[in-house]
Amino acid sequence: MPRARPMHLVQDAYDGTLWFYTRRSAEKVSETDRDHDVCLTFSDQDKGVYVSLSGSARVSDDQTLIDKYWNPFIAAWFPEGKDDPDVALLEVKIEMGEHWRDEFFTLTTDSHIHFHPCDLKAFTVSELNQH
């Protein structure tokens, strides 16, 4: 059964692939081996921005990328260090996405809630890379 879990995005630049650290022994790795389809969600609640990205995931043990994205925040989750054979990256190649700007409701000073249509935009990876 598909499950959600919080993870930390490790790169700043976006090229159609997203990277996350994981333990090779983690349940999500065996889940990914069985079903590569994933959905990622991101939000900035202060700005009312929500993004859903769908794509295909696989586990990578590319040491060059593990070294490239390693930082003190990640090191706190992997006390054995980046050379631990259980350290891996989850590579997600994005195939499509949706972007919402939350203008769904506003609360007025007279305590009335006003509902507005939500601004939804679907996009492909090539369109995302143009922005």
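**Why it gets that label: burial, rings and a pocket**

Mentor: Let's start with W77, which lies in helix α3. Helices here are DSSP runs of H or I with at least four residues, strands are runs of E with at least two, and both are numbered from the N terminus.

Trainee: Before we go on, what kind of model is this?

Mentor: A predicted one: local features need pLDDT of at least 70, side-chain atom pairs count only at pLDDT 80 or more, and totals for chains, interfaces and linings use all residues. Residues are numbered from 1 along each chain as its sequence is written, and side-chain values use heavy atoms, with hydrogens and water left out.

Trainee: Okay, why is W77 called exposed?

Mentor: Its relative accessible area is 58%. Exposed means over 50%, buried under 20% and partly exposed in between (1.4 Å probe, protein chains only), so W77 goes in the exposed class. As for what sits around it, its C-alpha atom is 9.4 Å from that of T22, 55 residues away along the chain.

Trainee: On to the rings. How many aromatic pairs are there?

Mentor: The count comes to 3. The rule takes rings of Phe, Tyr and Trp (its six-membered ring) and pairs them if their centres lie within 6.5 Å; planes under 30 degrees apart count as stacked, over 60 as edge-to-face and the rest as tilted.

Trainee: So what makes Y21 and F78 a tilted pair?

Mentor: The ring centres are 6.1 Å apart, so they pass the distance test, and the planes stand at 55°, so the pair is neither stacked nor edge-to-face; that leaves tilted. Y21 is in strand β1 and F78 in the loop between α3 (72-77) and β4, so the pair ties together parts 57 residues apart in sequence. Both Y21 and F78 are buried.

Trainee: What makes one side of α1 its buried side?

Mentor: In α1, the buried residues are K28, V29, E31 and T32. They cover an arc of only 165° around the axis, so they lie on the same side of α1; the arc is that of the directions from the helix axis to the C-beta atoms. These residues pack against β1 (17-23), β3 (49-60) and β4, while the face turned away carries exposed D33 and R34.

Trainee: How do you know that E31 belongs with the buried set?

Mentor: Its relative accessible area is 16%, under the cut-off, so E31 is buried. Beyond its neighbours within four places in sequence, E31 is in contact with R3 and R5.

Trainee: Last one: what is in the largest pocket?

Mentor: About 680 Å³ of space. Its lining has 23 residues, and the closest to the centre are R3, A4, R5, V38 and C39.

Trainee: What makes it a pocket, and not a cavity?

Mentor: On a 1 Å grid over the protein atoms alone, a cavity is a set of points where a 1.4 Å probe fits but cannot get out; a pocket is an open set with protein on both sides within 12 Å along at least five of seven lines, and lining residues have an atom within 4 Å of a point. Grid points are joined across faces, edges and corners, and the volume is the space filled by probe spheres set on them.

Trainee: Which element gives the most to the lining?

Mentor: β2, with 6 residues. α1 (27-34), β2 (37-44) and β4 (87-101) each supply at least two.

Trainee: And why is A4 called exposed?

Mentor: At 74% relative accessibility A4 is over the cut-off, so exposed it is. A4 lies in the segment before β1.

Technical notes:
Contact = heavy atoms within 4.5 Å.
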